[in-house]
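I am opening a notebook on a structure that is new to me. I will begin with the whole and then look up single places in turn.

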Amino acid sequence: NGFDDIKREISGAKRLSVIFAGEPGAGTVLVSAGGGSCYFFEAAGRLNLPDLSGKEVVTNSAKELLSRQGRGGPEKILDIMLMAYMLNPEKNYDDPAHVLNEYTGLVVMSYEEVTGKGAKKIIPALADKKEMEKYAFSVLHAAEAAADGMFEKIKADSAGKLYCGMELRLAAVLAKMEKTGLKIDRARLAEISRKTEKEIEK
C-alpha cells in the first residue's frame, strides 16, 4: 500500500496501531488499520499522520504520535511503552519487542534483528523486504494484542487516572514544545559563549 491508501484505511477505521521504530525522522513507521498493515521508511524526514480525531490508537510513543498531528488528536491512546513503565518503573525497556514479548508471551522480532546493530547496522530501506514485513506484522499484531490487557492492569493498580490525566497530558505538552521549538535569546547566548571562552583560556 502507498501512503494515500493507508490514509483512506485510517479515515474509515475506529482503531489502529502506529509503531515508531528506529531513529526519529530516519527510522520506520509501522501502521495497521482496517485489518491491513504497512510500513513507511523515513529516510527523507518525518512522516506526518492524517487526522486521528475520535480514534483509538495503540502506539509505543504518545509524544511522537501527537507531534505528528494537526489539531486535536486521538480519542484514546494506548501507549505500550508508557504503560509498561508505569506497571514496572524499575525495568528499562529500549525496544517495543521487549515489552510485547513479556506481556503477550509471543516471540516478537526486535528492530535490531532486521537492521542490525553497531558496525553492521544498515539503514531500514536496505533491510530485507521479507524480514521487514515479518517484523511489521509481528510488532503490530502483538501491540494490538497487548494494549487492552496492559490498560486493564493500569486501572487495576489505580493508576488509570494518572495515566490518562497526567502522563498523556504531559506527552501532549512535550509534543507541542517539540513542534513549536524554543525561543533563544541570541545576544545572551553569545554573551555566555564569550564568558565561557574566557574561562577556558585562563
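Predicted model: local features only at pLDDT ≥ 70, side-chain atom pairs only at ≥ 80, totals over all residues.

**Entry 1: the whole.** For the extent I took the C-alpha trace, which spans about 65 × 45 × 35 Å along its principal axes.

I listed the secondary structure next, which comes to eight helices and five strands, and I wrote down their order along the sequence as α-β-β-β-β-α-β-α-α-α-α-α-α. Among contacts between residues at least 6 apart in sequence, I found that 54% join residues at least 24 apart. I also looked up the charges, 30 positive and 30 negative, and their mean positions are 5 Å apart.

**Entry 2: helix H3.** How many of the eight residues of helix H3 are buried? I found that seven of them are, so that this helix, residues 80–87, is mostly covered. I wrote down the buried ones as Ile80, Met81, Leu82, Met83, Ala84, Met86 and Leu87. When I asked what covers them, the answer included strand S4 (56–59), strand S5 (76–79), helix H4 (96–104), H6 and H7. At the start of H3 I noted that a side-chain oxygen of Asp79 reaches to within 3.1 Å of the backbone nitrogen of Met81.

**Entry 3: helix H7.** I checked the length of H7 against its residue count: at 1.5 Å a residue, its 21 residues should span 30 Å, and since its end C-alpha atoms are 29 Å apart, the two values agree. The buried residues here are Gly160, Tyr163, Leu168, Ala171 and Ala175, and what covers them includes H2, S5, H3 and H6. Just after H7, I noted that Gly181 takes a positive phi of about 85°.

I then looked at the other end of this helix, where Ser158 is found in the loop between helix H6 (129–156) and helix H7 (160–180). Is Ser158 buried or exposed? Ser158 counts as exposed, because its relative accessibility is 66% and the cut-off for that word is over 50%. Ser158 also has a positive phi of about 60°, although it is not a glycine.

**Entry 4: helix H2, Ser67 and Glu64.** I found Ser67 in helix H2, residues 62–67, and Glu64 lies in helix H2 as well. Ser67 is buried, with a relative accessible area of 2%, and Glu64 counts as buried too, at 8% relative accessibility. Which backbone oxygen does the side chain of Ser67 reach? I found that it reaches the backbone oxygen of Glu64, at 2.9 Å.

Leaving out residues up to four places away in sequence, I noted that Ser67 touches Arg46, Ala175, Glu178 and Lys179, while Glu64 is in contact with Phe20, Arg46 and Glu178. I also looked up the pair Glu64 and Ile19, which are 45 residues apart in sequence and 9.6 Å apart in space, C-alpha to C-alpha.

**Entry 5: Thr28 in strand S2.** I found Thr28 in strand S2, residues 28–33, where it is buried, with a relative accessible area of 1%. Which side chain does Thr28 join in a polar contact? The partner is Tyr111, with the two side chains joined by a polar contact of 2.8 Å. Not counting residues up to four places away in sequence, Thr28 touches several others, including Ile19, Phe20, Tyr39, Phe41, Pro124 and Met132.

**Entry 6: Asp94 in a loop.** My last stop was Asp94, which is found in the loop between H3 and H4 and counts as exposed, at 61% relative accessibility. I found a polar contact of 2.9 Å that joins the side chains of Asp94 and His98. I also looked up Asp94 with Glu133, 39 residues apart along the chain, and noted that their C-alpha atoms are separated by 21 Å.

Technical notes:
Residues numbered from 1 in each chain as written. Heavy atoms only, no water. Helix = DSSP H or I, 4+ residues; strand = E, 2+ residues; numbered from the N terminus. Buried < 20%, exposed > 50% of the residue type's maximum accessible area, 1.4 Å probe, protein only. Polar contact = N/O pair within 3.5 Å; in protein donor to acceptor, adjacent residues only side chain to side chain. Contact = heavy atoms within 4.5 Å. Lys, Arg positive; Asp, Glu negative; His and termini not counted. Charge placed at Lys NZ, Arg CZ, Asp CG, Glu CD. Expected span 1.5 Å × (residues − 1).
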